[in-house]
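Me: Could you go through this structure with me, a bit at a time?

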Amino acid sequence: MTGLRPAKPGHAPAGKPAVARLFVLDLSDGLVVSMTPDGTDKKVLVTNCRFPDGVVVDIDAGHIYWTNMGVPNLNDGSIERADIDGRNRQTIIPQGVTFTPKQLHLEKASGKLYWSDREGMRVMRANLDGSDIETLVETGSGDADRRDLTKWCVGITVDPVHRQFYWSQKGPDNAGLGRIFRAGLDLPQGETAANRSDVELLFDGLPEPIDLELDLETRVLYWTDRGDPPRGNTVSRAPIDALPQPGQLPEIVLTHLMEGIGISLDVPNDRMFMTDFAGSIYSARLDGSEKRMLLQAQGNLTGIAYAELPAMES
């Protein structure tokens with residue numbers, strides 16, 4: 001697809017022809033792959049990744065970033081960067097800094113990467129070159145806390161307008177203990193990541209919330225849920241400027257994923273893309289209609305990112 005439109009996150013600068021691509025992580029084979037939004041023209045960009053999970057694209061700089069979970073009990077997760085074509089690969093967050101990095105979010109205006117650290121029980125951020133690493137939220141510490149899956153942080157997204165970030169805590173499999181929280185980008189003065197007072201619980205009792213995406217135009221949060229039907233293995237959404245009333249459930253817009261994980265929005269074109277652990281890639285409108293399976297049996301898929309690149313970089 002080509003087109004001209006104002007620059008947005010994931011979109012090419014205004015006035016330049018753009019080529020749309022999906023960037024997808026294959027956990028089972030340790031790959032970063034790229035393809036068109038209809039699932040064709042698949043290209044392997046990076047190999048030998050150590051259990052990749054979250055991916056983002058910096059169009060202006062021509063970079064892709066991804067997290068490597070590593071082996072959870074070894075505290076050997078990392079974050080890497082490469083050019084859009086897979087060349088010039090480098091590690092920006094080395095092993096030993098973040099335990100099990102999961103979903104990744106690029107906040108271009110402030111030049112920051114945000115990620116959730118699952119077994120590390122943290123939400124973290126750093127500059128795009130990996131410097132100035134910070135912990136924003138810490139839900140526990142030590143091996144005893146690590147065995148409590150309700151403390152595991154998984155998904156992450158950022159609202160730069162209201163200067164807040166959102167994250168998911170998945171909970172045990174099929175336990176209905178998943179939660180979504182938010183807090184300010186700035187740590188309250190005199191407080192720590194472990195005791196900050198501005199943390200808000202938005203949703204409780206979710207199946208297993210995984211990756212998050214925010215539509216800043218309509219101010220609606222989207223997320224994937226694993227777990228048992230009817231509320232599990234879905235995509236849900238909810239407005240973020242009005243807190244849910246007691247007992248109010250988020251809207252389920254898409255069902256029948258097979259261990260849903262990744263989600264990426266293309267708001268100008270009213271569509272979203274999802275991956276699941278069974279190896280499928282789907283597209284649908286933002287209301288969940290016109291669901292299509294683009295590819296299946298592609299291995300264990302995790303993160304996905306939609307981007308519109310200058311035509312020469314596709």
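Reply: The side chains of Asp 173 and Lys 170 meet in a salt bridge, with N to O at 2.8 Å; a salt bridge here is a side-chain nitrogen of Lys or Arg within 4 Å of a carboxyl oxygen of Asp or Glu. This is a predicted model, in which local features need pLDDT of at least 70, side-chain atom pairs count only at pLDDT 80 or more, and totals for chains, interfaces and linings use all residues. Residues are numbered from 1 along each chain as its sequence is written, and side-chain values use heavy atoms, with hydrogens and water left out.

Me: Is Asp 173 buried or exposed?
Reply: Asp 173 counts as exposed because its relative accessible area is 54%, whereas Lys 170 is buried at 9%. Buried means under 20% relative accessible area, exposed over 50%, and partly exposed in between, using a 1.4 Å probe and protein chains only.

Me: And how many salt bridges are there in the whole structure?
Reply: A search of the whole structure finds 24 salt bridges, and one links Arg 271 to Asp 266, with their closest N and O atoms 2.7 Å apart.

Me: New topic: which side chains does the side chain of Asn 68 make a polar contact with?
Reply: The side chain of Asn 68 makes polar contacts with the side chains of Trp 66, at 3.3 Å, and Glu 80, at 2.7 Å. A polar contact is a pair of N or O atoms within 3.5 Å; within protein, one must be able to donate a hydrogen and the other to accept it, and residues adjacent in sequence count only if both atoms are side-chain atoms.
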